[in-house]
Amino acid sequence: MAEKKVSLPAKLINGGVAGLVGVTCVFPIDLAKTRLQNQQGARVYSGMLDCLTKTIKMEGYFGMYRGAAVNLTLVTPEKAIKLAANDVFRQKLSKDGKLPLWGEILAGCGAGTCQVVVTTPMEMLKIQLQDAGRLAAQRTVAASASASAAGPTPSLVASPAAQPGTNAPPRSSATRITLELLKTRGLRGLYKGAGATLMRDVPFSMIYFPLFANLNAVGRTEERHSNPQERAPFLQSFVAGCTAGSVAAVAVTPLDVIKTRLQTLQKGEGEDSYKGIIDCAQRILKREGPAAFLKGATCRALVIAPLFGIAQGVYFLGIGEHILFSSQFEERNKI
């Protein structure tokens, strides 16, 4: 039996809706991941919960959503491109309705490559906004340490760390950063770290999509590789997305650490700057040890698992198909 032909507009709508819902749910954890990965010298945060607690204390509740506007704006095309491209590649590589493992991996590779055109500038802008609070907190900690070393007199006045907004740098915006990058570095400025993004997203998709397809086919052996998503119940798609997402996320965490470090424009005191992927990997290994490559791994799993679980659940509920069908039905009634 041949695979059902993919309705590209419907898949784009599904991917966009899934991305919006998923990002809204998990963005604070993604912010913690970015800040933990960028810590090099002085440890401002001891872990994910400590990071989120201090963020709320210093920046308020909405501080956890710094950079969310960029993600919510660009995640729609990003997720739509990723999921729709995978479907298209799977169709092209299928023969007689069956797709071998090498075809699943190749389709995932193609999907990961296609999404980089949107992912790179999105991540570039998001990281600057997310990391601004960490840099401000680091300066506060450094100032407090200097004051303590000088023997300050006890004070009943709350410390700057306890006063949200105290000594905080001017709040930037994605628009301001974009214009500054275009002015000083051109379009290449927005695509800094594109190579590292490609190195992360292609292996991720090569792991995620085949693993998801096989988990989604568990218990349904008949024509297992002939588009099992069509027959999968919602719960199975959700669990398969969560499991495949968490496995793939942890597997490529070292590459995500390198990408985050390369795309961070402003560094804290005593923090390294890098010339490229190899230089970054060597410096991290030499200065921080192998464990540094797994910074934020737990956060990544907690972000990606529900993000892709929600994405696949919404995707296979066929919201896009329902929207298009409703539109077509209304058009026909008008005629």
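What does the accessible surface of the chain come to, and what percentage of it belongs to carbon and sulfur atoms?

**View 1. Accessible surface of the predicted chain.** The accessible surface comes to about 16200 Å², of which 65% belongs to carbon and sulfur atoms; accessible areas come from the Shrake-Rupley method with a 1.4 Å probe, and for residues only the protein chains shown count as cover. This is a predicted model, in which local features need pLDDT of at least 70 and side-chain atom pairs count only at pLDDT 80 or more, whereas totals for chains, interfaces and linings use all residues. Residues are numbered from 1 along each chain as its sequence is written, and side-chain values use heavy atoms, with hydrogens and water left out.

View 2. Of the contacts (heavy atoms within 4.5 Å) in the chain with a separation of 6 or more, 81% are accounted for by residues 24 or more positions apart. Of the 335 residues, 48% count as buried, where buried means under 20% relative accessible area, exposed over 50%, and partly exposed in between (1.4 Å probe, protein chains only).

**View 3. Cysteines Cys51 and Cys109.** The structure holds zero disulfides, a disulfide being a pair of cysteine sulfur atoms within 2.5 Å. For Cys51, the nearest cysteine sulfur is that of Cys299, 7.5 Å away, and Cys51 counts as buried because its relative accessibility is 0%. For Cys109, the nearest cysteine sulfur belongs to Cys114 and is 9.4 Å away; Cys109 has 22% relative accessibility and therefore counts as partly exposed.
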